[in-house]
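Let's take a walk through this model together. Keep the viewer open and follow along as we go.

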Amino acid sequence: MERPEVLFDASHCGQCACGEGLGFSFSFAFQPIVDVVNRSVFAHEALVRGTEGQGAHHILSRVNEQNRYAFDQVCRVKAVKLASRLGMDSMLSINFMPNAVYQAEYCIRTTLAAAKTYNFDTSKIIFELTENENLSSVQHLVSIIEAYQEMGFSTAIDDFGAGYSRYNIMMASPPDLLKLDMGLVRNINAEPNKQAVIAGIIAMMERLGGRIIAEGVETKEEYFWLRSQGITLFQGFLFAKPGFECLPEPEYPA
């Protein structure tokens, strides 16, 4: 059943962006995704936070079946608005809830209107799916990925290898970006079994024409092993912690 669309009205932008109507307010922290080849910021991931910087659980625990669609829409507006205000010139990675998207072409209208209002280039938006999202239909997700790519957005699968691998999605409609789960990344330099798994994922993405992001990288040893395998995009505390309502300056391991 179609859900009534939350229309974006610039005159009510402040209310929409802070979460009014949901019963709670929220904001974002941004964590850079760096390209170590040219030592630049490839993208910033928008990470939901409470208005005083509380962790994501503080907000996500309040999301339910009744408000999921509205929350997903407000997240997009808030992320675009804040990214524009901060002068972000990198890509912007926004996590989305596929179960809140009943039809991609209609549900994207709020994002497009917000980007126009805040003068943010839509070609710089990445829509990021958390891989363990509980989906009733894989084909539904495939249709969203294909629609977003046709509209010029980039797509990413987060936490790949966390336990609900979507290899059927990879075969049907590969995303532009695949983020390795931090459980695979942790101590990768010292665990041969993990190394074999990641080597297979790297080979798969090379054949599919996508790029890999190693997220959750915390140590130089992890970084150097992953870099030796040809990975160039990284995210994690080794480079920068998320910055609440700001764009942290990353550091690069020597």
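The mean pLDDT of the chain is 87, and 87% of its residues reach 70 or more. The stretch to watch is residues 1-20, where pLDDT is below 50, even though the model gives this stretch 41 contacts beyond near neighbours in sequence. Where pLDDT is low, the predicted coordinates should not be read in detail.

You'll find ten helices and nine strands in the chain. There are 254 residues, and 52% of them count as buried. If you take the contacts between residues at least 6 apart in sequence, 69% of those join residues at least 24 apart.

Let's zoom in on helix α3, residues 68-85. This helix has 18 residues, and its first and last C-alpha atoms are 26 Å apart, close to the 26 Å expected at 1.5 Å a residue. Is α3 enclosed or open? Of its 18 residues, 14 are buried, so α3 is largely enclosed by the rest of the structure. Just past the helix sits glycine 87, with a positive phi of about 75°.

One of the partners of α3 is helix α5, residues 109-117. Two packed helices are described by the angle between their axes and the distance between the axes. Here the axes come within 9 Å and cross at roughly 20°. Angles under 35 degrees count as roughly parallel, and α3 and α5 are therefore roughly parallel to each other. Their crossing is right-handed. On the α3 side, the residues that meet α5 are Gln73, Arg76, Val77 and Val80; on the α5 side they are Thr110, Thr111, Ala114 and Ala115. The spacing in sequence is worth a thought: an α-helix has 3.6 residues a turn, so residues three or four places apart point the same way.

Next, jump along to helix α9, residues 192-208. Which residues of α9 are buried? They are Lys194, Gln195, Ile198, Ile201, Ile202, Met204 and Met205. What covers them includes the strands β5 (154-160), β6 (177-180) and β7 (211-215), along with the helices α7 (167-172), α8 (182-185) and α10 (220-228).

To finish, two single residues. Alanine 56 is found in helix α2, residues 56-60. Its relative accessible area is 24%, so alanine 56 is partly exposed, given that buried means under 20%. Beyond its neighbours within four places in sequence, alanine 56 is in contact with Val48 and Arg49. Phenylalanine 28 is 28 residues away from alanine 56 in sequence, yet their C-alpha atoms are 9.1 Å apart.

Glutamine 149 belongs to helix α6, residues 138-150. With 27% relative accessibility, glutamine 149 also counts as partly exposed. Apart from neighbours within four places, glutamine 149 is in contact with Thr155, Ser173, Pro174, Pro175 and Asp176. Of these, serine 173 is 24 residues from glutamine 149 along the chain, with 9.8 Å between the two C-alpha atoms.

How values were computed
Residues numbered from 1 in each chain as written. Predicted model: local features only at pLDDT ≥ 70, side-chain atom pairs only at ≥ 80, totals over all residues. Heavy atoms only, no water. Helix = DSSP H or I, 4+ residues; strand = E, 2+ residues; numbered from the N terminus. Expected span 1.5 Å × (residues − 1). Buried < 20%, exposed > 50% of the residue type's maximum accessible area, 1.4 Å probe, protein only. Contact = heavy atoms within 4.5 Å. pLDDT = per-residue confidence, 0-100. Axes fitted to C-alpha atoms, helices over the stretch in contact; angles between N-to-C directions. Parallel < 35°, antiparallel > 145°, perpendicular 65-115°, else oblique. Left-handed = near helix turned anticlockwise from the far one by under 90°.
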